[in-house]
Amino acid sequence: MATHLKSIHPTADPLDDVSLPGWLYHDPEFFEAEKRAFLRASPQVVCHVSEVAAPGEWRRIDFLGESVIVIRGDDGEVRAFTNVCRHRGSRLVDGEGGCAKVLTCPYHAWSYARDGRLVGVMHRHEYPDLQTEKLGLAPVALEIWRGFIFVRLEGGLASVHEMMAPYEDEVAPYRFEELRAIGRVTLRPRDLNWKTIADNYSDH
């Protein structure tokens, strides 16, 4: 004998107009729209300046299918470039970081100086019309805020300085500029706050 269930009248979800609908978290078309709208222009923290303190020290970040290198030049400047050789599109470096006199492509050994210039081409005589001055690494926008290095794939949003201006009084006592990295950890976004960030650095 079949069981007859009592009808249930739908009621309003208490999270309506508060939480985003679940499909937004896995819909590929919406993700592509998010990339175009703001993710590519959002600043991404790479490391602290103390982690690229010496010329040639570099750190890598992969984001939205792009790979970016942050490296300190011989002139002391910190720059960011796409992690892509201009010859055949091979990645220049793997790993989280390192130190290099030059960045040499593992494919055909094209080499780039610490400021991104193309300085070495194997079998150079085979490229009589090659304009090396136009084939340096593609630069990526970089910003340093209180000792932390941020990159963004394209412009369009406010700078980190502008976004953080309302919180300067709260952040100032932590003296982030004076910190030095003592290790690397992986944190979930909900775990991030000023204290957890500071705990992974030392002011000595």
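This is a predicted model: local features need pLDDT of at least 70, side-chain atom pairs count only at pLDDT 80 or more; totals for chains, interfaces and linings use all residues.
Residues are numbered from 1 along each chain as its sequence is written, and side-chain values use heavy atoms, with hydrogens and water left out.

Next, switch to a cartoon. The chain has 4 helices and 12 strands (DSSP runs numbered from the N terminus: helices are H or I with at least four residues, strands are E with at least two). Of its 204 residues, 33% count as buried, meaning under 20% relative accessible area with a 1.4 Å probe, protein chains only.

Now select Ser42, Gln44, Ile61, Phe63, Val68, Val151, Arg152 and Leu153, which line the largest cavity (on a 1 Å grid over the protein atoms alone, a set of points where a 1.4 Å probe fits but cannot get out; lining residues have an atom within 4 Å of a point). Strand S2 (57-63) and strand S10 (148-152) are the elements that give two or more residues to this lining. The space inside is about 40 Å³, a volume filled by probe spheres set on grid points joined across faces, edges and corners.

Last, select the cysteines Cys47, Cys85 and Cys105. The structure holds 0 disulfides (pairs of cysteine sulfur atoms within 2.5 Å). For Cys105, the nearest cysteine sulfur, that of Cys85, is 3.9 Å away. Cys105 counts as buried at 4% relative accessibility, and Cys47 is buried at 3% relative accessible area.

Methods: On a 1 Å grid over the protein atoms alone, a cavity is a set of points where a 1.4 Å probe fits but cannot get out, and a pocket is an open set with protein on both sides within 12 Å along at least five of seven lines; lining residues have an atom within 4 Å of a point. Buried means under 20% relative accessible area, exposed over 50%, partly exposed in between (1.4 Å probe, protein chains only).
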